[in-house]
Amino acid sequence: MRPWSVGALLLLGAIWGASFLFIGLAVQAFGPVVMMFLRVTAAGAILAGLARVSGPAEPSAVGLAWRRNWRRYAVVGLLNCALPFTLIAFSELRLTVSLAAVLNSTTPLFTVLIAALSGGQPLAMRTILGVLLGILGVAVLVGAGPLTLTLDLGIAVLASLLAALCYGGATVYAARHLTGLAPIQASVAQLSSAAVLLAIPAMVTLPTSVPSFTAVGALLALIVLST
């Protein structure tokens, strides 16, 4: 791997990892659903504007064709944005930022399992061993953390793991059903779909007080950088 590729990968990891910090700073003020509705709506609008200005990122990319593909976009928007974003935000009401990030690192494990169960790739013994070691590592980290295991904490952990499961399912689904789209087009499609899915739940869970400047700043950073 070239040095610039390594640097880009590290920067991407830092930006995505920082999203857990931004969520932790803003979720108490906005609530999980409202915060994630604002996140996907604003980020989708920004990316749509960039896509219009820059044109297709790939010469072979096709249009979004919403009327024909809206079901596919809705599935990916649900599994890759609406559900996992909200579940992670909900979990961070009770989990530390670091623990939430660690739990989300199980996404590759779920991706491998889902791909194997759906016939996408064989599950070799080496892969099974890797999955089991990964799950064991997460269990050790959760059990050895600074938090006392309670029912509320258990629910938060399950919510975070369910978010990782959603990401894994979305990865496998998108690889099979969202071919031919430029990356920015795929992002606009799933973010816009997630915004529609979260609109009504967000309207019935509006915050009762004005969010602080810190919360607003964290949300803006989450939208512009991480999303």
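Colleague: R39 lies over the face of F85. What distance from the ring centre goes with this description?

Modeller: The distance is 3.7 Å from the ring centre of F85. A charge sits over a ring if NZ of Lys or CZ of Arg is within 6 Å of the ring centre and within 35 degrees of the ring normal. This is a predicted model, in which local features need pLDDT of at least 70 and side-chain atom pairs count only at pLDDT 80 or more, while totals for chains, interfaces and linings use all residues. Residues are numbered from 1 along each chain as its sequence is written, and side-chain values use heavy atoms, with hydrogens and water left out.

Colleague: Which helices do R39 and F85 belong to where they meet?

Modeller: R39 is in α2 and F85 in α3. The contact (heavy atoms within 4.5 Å) is made by P32, V33, M35, M36, R39 and V40 of α2 with C81, F85, T86, A89 and F90 of α3. Helices here are DSSP runs of H or I with at least four residues, and strands are runs of E with at least two, numbered from the N terminus.

Colleague: Why are α2 and α3 called oblique to each other?

Modeller: The axes of α2 (residues 32-54) and α3 (residues 66-91) come within 9 Å and cross at roughly 135 degrees. Axes are lines fitted to C-alpha atoms, for helices over the stretch in contact, and angles run from 0 to 180 degrees between N-to-C directions. Angles under 35 degrees count as roughly parallel, over 145 as roughly antiparallel, 65 to 115 as roughly perpendicular and the rest as oblique; α2 and α3 are therefore oblique.

Colleague: What makes α3 and α7 roughly antiparallel?

Modeller: α3 and α7 (residues 151-177) pack at about 160 degrees, with their axes 8 Å apart. That angle falls in the class over 145 degrees, and the two helices are therefore roughly antiparallel. The crossing of α3 and α7 is left-handed.

Colleague: Is Y73 buried or exposed?

Modeller: Y73 is buried, at 2% relative accessibility. Buried means under 20% relative accessible area, exposed over 50% and partly exposed in between (1.4 Å probe, protein chains only). W66, at 37%, is partly exposed.

Colleague: Why does T106 count as buried?

Modeller: Its relative accessibility is 4%, so T106 counts as buried. T106 lies in the loop between α4 (97-104) and α5 and touches V138, L161 and A164, not counting residues up to four places away in sequence.

Technical notes. Left-handed = near helix turned anticlockwise from the far one by under 90°.
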